[in-house]
Amino acid sequence: MCMKQIIGEPGIDLSSDSKMDLKLTRNSESFHKPNSSNHNLNSFNQASQYFPNLSPTNFLSRAENLQQNLKTKSTNSFEPNLNSGMATQNPPLDWDPHAMLSNLSFLEQKIHEVQSLVQSIIDQQAEFSSRPSELATRQQLATADLTCIIIQLISTAGSLLPSIKNTLLSNNPALRQLVNPDFNNNLKCEGLIRNFPETARNSEYEDLLRNLDNEADWMKEPNPPPQSDIVDANPIDEHDLKESDDGDAEREHLPPGSYIVLQLEKEEILAPHTHFCVICGKGFKRDANLRMHMRGHGDEYKTPAALAKPSKEPGSDAHPVTRYSCPFVGCKRNKEHKKFQPLKTILCVKNHYKRSHCDKSYTCSRCHAKKFSVIADLKTHEKHCGRDKWQCSCGTTFSRKDKLFGHVALFQGHTPALPMDEVKASGSGQGNDDMTEDLGGYNGNFASEECLTSMDVKGIDESRAYFSPMNFDGFGALDEFGRGGFDLEDNPFAFIPSGFGQRSGDS
Amino acid sequence: MCDITAVLTVDLLAQVLDWLHDSRDLKSCRLVSRAFLQAERMHRRAIRALRLGPLPVLLRRYVGSLQSLDLSSCPSLDDSALSLSIPCPNNLRSVSLSRATGVTWRGLEVLASVCPRIEAIDISHCVGFGDREAAAVAKACWLKELRIDKCLNVTDVGLAKVAVGCSRLEKLGIKWCFEISDIGIDLLVKKCLELRELDISYLKVGNESLRSIASLSKLEDLALVGCEYIDDEGLYFLSNGNCSLQSIDISRCENVTSVGLTTLAEGQQRLRKINAGNCSPVLTSTFVSKLCTLGDTLIILKLDKLQLLASALEIVGKNCRNLLEIGLSKCNCVNDEGISWLVEGCTHLSTIDLTCCLLVTDKSLLSIATCCRGVKCLRLESCVLISEKGLDQIASCCTDLKEIDLTDCNVNDNALKCLSRCSELLVLKVGLCSGVSDIGLSFIGTNCSKLLELDLYRCTAITDDGLAAISNGCKRLKKLNLCYCNQISDTGLAHLQLEELSDLELRGMVRITSSGITAMAMGCRSLTQLDLKRCYSIDDAGMWALAQYTENLRQLTISYCTVTGLGLCHILGSLRCLQDVKMVHLSWVSIEGFELALRASCGKLKKVKLLGKLQDVLSSELLQTLQSRGCRIRWVNKPLVFKG
């Protein structure tokens, strides 16, 4: 996402530079091979660490690293707002003093670099008059450096202030404009409104924001239509919000009618790829990956124009709030349902549809008992399968004996299960949408935290493994109540002990 | 002939039967007539089976009235035998399956399901039992009493099963279940609020368990023997808890000091029994002085191996006036002064244990005789300074004396002459007293006709005549120890015509031969334990006699005898109750002999002691069969010698 913005950035035209080209080629290789993307991103993470060692005079390599850094840092800083629900739940977890220290020292270094760069421009002003293109290059570099500093600064400060983070980092017009001159003010205001209710649970806030929402219309009308950023916004949502799966929409409290409802068809939902190469026919999940792939088909696809994001036709309307409906009639997520709860993103739709309305075709290779319809769920389960060796007669499993015994002490008739006991599933494995969706909601928040740490934004196939409902480590104290934690929003204790555990485990 | 039942109705008979406790008396009664048999049948509440064979018939006969069934002596009990022998429906309340290693969880589940009113189960010493067995037992939801001592594989999970399944439990023994931890105890306490008696001896639990246990409001009896992780802090929890303990056993808790005992005595004011033996070696007088606050309630106090000065005993004597039993075993500091202080106050003492109190002399016996006329049990092992003078005082004053232990006290015939005045004497131990001879025994034989147990270990002066005197006088003897009395020969042994004798030790009596054993076996039909180790002259003929006459023999030691394979096969094959055989150094038995004999015994034996070298030569199939039937083999590592 941000990477795309940088690459397609008309303001920083470095494509003539051979070194830069090499770098891009490397990147495109990684796009061709999704499996290697993890590795590639790991090296990105390290980028900030070796950054300060760079010689300030090595502009070219600095520019290259700047790009990396932008990618890394922006990924880092843009992440939390997408997962604001989690961020507000436990803000202290976001703050890492070590990271902040390294960020600050990086900033210091960076400022020195810009200083010397500008100094060199002043010193060599006479020479530049004869070579204006070189001067322009230097200026661009200085601008890019400054951008980088600003982003770094905001992201550093933002991690301290989770509520500000959301608004500042993603929605600060100035910042976006720096990164992307095509940035549209209007859209950001909308984003601000959209994000706020999640960050501030306070009802006063929500009321305030609903008012804001109503008043926001004035902004949409007069302003020019959103440009490329809108087009890009969707992929971002899709890929990064996908962790929030299918549960978040109901927490938004969007008034009915304030958003557009889209309903994808079953085939569309289950289709593995949506972007195909016109030359070789290879399918991709993301257009950016396709564009990178196209580079291999000839030089004409390497031009900045070809690599840039396809922009929407000018004149189209302001991007409306879009929510999704499940095509399964009777489902609570279907728009015909009385208590319709829309799904937030396409990825939510995909995960919801697979979990709730598809066969569970992935079987755990360890226990051969649990089945999943989303492969990421399976992977997460397999990571933990067999670890929870303490099981109650109700089917709930625990990683620690004292937790199990605490559970047994709490509920009448529950006993620890013997190793050979076969726990009969008394609850059905599927069909309970409420359960599944609540699960999804939790899962989403939770998963986004994982995403923050892993920074594995592009390697979605890999990173999805972290987002399965089976990953309960984050719940901590909720273990006391077994899987009942999922109903926490309604009533923490309003669950029937017998048999629910098995069901939630399956879903 | 007039029917006796016309005069003596069944109701009256039943009332008579209430007063009969001896099994032989009951047997005589059964044999009077059909009516008596019927009355006995209706009256009987408990059966202790010695053999499995007749059990189904017996149970069918008694099914209506039977409430208690003891199967702990049936060696070959397994699941199918268990489910076959228990009739359905029944009124069984209590079943003992102690040491029933052949039973599995399936059998226990059947038991729990066919005995709906069962209230007590004993599966102690089934060393292979674990959580699954505990879970099976837990299905008996009306259970009030459960013993799972030494079920080595029971963990917290099994205990939790029991705790959840049997929430009405009042008595629980989980001694030696080493896998149980604080977590399990905590859950038990939360689920079984009715617990009155709890035995967690030798468990590796800590103070947290005591913190949980202290909340049991009905707990009266707590045993914590050898809980090495419990210290004074745990006792502090107990003393401040909800429970009002009547009995506590904290012996062998190494980390408990007098501080903890003091707080316990302060907090638990209703304690009647305290066993603080073998705790920390030093005991300050503060604990003993705190005992005075317990005052009149305390009846049993055991302070073994603690350093008690005379002043401490004085405090006990002045304050605990209702004390019935005191244990001062191995208290090195106890002297005559202390004893006199003690007995002056505690005049009701009936049991005094002064084992290894080396400073005790005749003066102590004199003060005991003067103050505690009702003393019944006196343990004076290794009190080398006492003599017949002291015992004379005891015998003349304490006419109710039932048990006296004079092992290693160097007493002589005169002492026995004095003691023979105690006609109520039941247990007499004069082992290692080389001064005891036939003369002394003749006094005992003449006067102590009620004697049940006599220990003459290494009383080497005893000859055939002495044994004859005992055999003729003490017809009710159940236990007799003649080890290393090597002057006794077949003639003496032939005098042993003791119908009730069940336990006989003849170790190292080199003069006796098979003919003596044959004569003895014919006279002592009730033998269940026999030790013939190092009776070098006993051969196959002795085995034949044992196989023929002592059908109830359960435990047999024939190491070093000159038994051949044939005799071994015969005795192991014939004796149906045999459970435990020690047969080391049977140099006349070939490998095939061992193999065949063990095969012949298969299914019955629970414990075998064999030469270690045989481990390699005996067929693995046999060893596996033995072990799968619940037999434990102890291999002794000594050189293997073959003859013949």
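**Reading the model**

Guide: Start with one pair: the side chains of Asp156(B) and Lys401(A) meet in a salt bridge, 2.6 Å from N to O. Keep in mind that this is a predicted model.

Visitor: What is the general idea behind such a pair?

Guide: Side chains of opposite charge can pair when their charged atoms come close. In this case the pair joins chain B to chain A.

Visitor: How many salt bridges does the rule find across the interface of chain B and chain A?

Guide: One. Over all chains the structure holds 32 salt bridges. Another of them links Arg291(A) with Asp287(A), where the closest N and O atoms are 3.1 Å apart.

Visitor: How are Arg291(A) and Asp287(A) placed in helix H17 of chain A?

Guide: They lie four residues apart in H17(A), residues 287–294, and so are separated by about one helical turn.

Visitor: Back to the interface. How many residues of chain B are in contact with chain A?

Guide: On the chain B side there are 14, and they are in contact with 16 residues of chain A. The two chains bury about 1200 Å² between them, with 72% of that on carbon and sulfur atoms. For the complex, the predictor gives an ipTM of 0.85 and a pTM of 0.61.

Visitor: What is the mean pLDDT of chain B?

Guide: pLDDT is the predictor's confidence in each residue, from 0 to 100. Chain B has a mean of 90, and 98% of its residues reach 70 or more. Chain A averages 58, with 41% of the residues scoring at least 70.

Visitor: Where in chain A is confidence lowest, and where is it highest?

Guide: The lowest is in helix H22(A), residues 433–454, at a mean of 35; the highest is in helix H21(A), residues 401–410, at 91. There are also stretches to read with care. Over residues 1–93 of chain A pLDDT stays under 50, and the model has 166 contacts beyond four places in sequence for that stretch. Residues 211–250 of chain A also stay under 50, with 100 such contacts.

Visitor: Now the helices. At what angle do H12 and H13 of chain B pack?

Guide: About 5 degrees, with the axes 8 Å apart; H12(B) covers residues 232–239 and H13(B) residues 258–267. That makes H12(B) roughly parallel to H13(B), since angles under 35 degrees count as such. Among the residues in the contact are Leu235(B) and Tyr236(B) of H12(B), and Leu261(B) and Leu264(B) of H13(B). By class, the contact has six nonpolar residues, four polar and one charged.

Visitor: Which residues of H24(B) meet H25(B)?

Guide: Asp540(B), Met543(B), Trp544(B), Leu546(B) and Ala547(B) do, and their partners in H25(B) include His570(B) and Ile571(B).

Visitor: How do the axes of H25(B) and H26(B) cross?

Guide: At roughly 10 degrees, coming within 8 Å; H25(B) spans residues 565–574 and H26(B) residues 591–601. That makes H25(B) roughly parallel to H26(B). Leu568(B), Cys569(B) and Leu572(B) are among the H25(B) residues in the contact, and Phe594(B) and Leu598(B) are among those of H26(B). The contact of H25(B) with H26(B) has eight nonpolar, four polar and no charged residues.

Conventions: Residues numbered from 1 in each chain as written. Chains lettered and ligands numbered in written order. Predicted model: local features only at pLDDT ≥ 70, side-chain atom pairs only at ≥ 80, totals over all residues. Heavy atoms only, no water. Axes fitted to C-alpha atoms, helices over the stretch in contact; angles between N-to-C directions. Helix = DSSP H or I, 4+ residues; strand = E, 2+ residues; numbered from the N terminus. Parallel < 35°, antiparallel > 145°, perpendicular 65-115°, else oblique. Contact = heavy atoms within 4.5 Å. Nonpolar A, V, L, I, M, F, W, Y, C, P; charged D, E, K, R; others polar. Buried area = accessible area lost by both parts, 1.4 Å probe. Salt bridge = Lys/Arg side-chain N within 4 Å of Asp/Glu carboxyl O.
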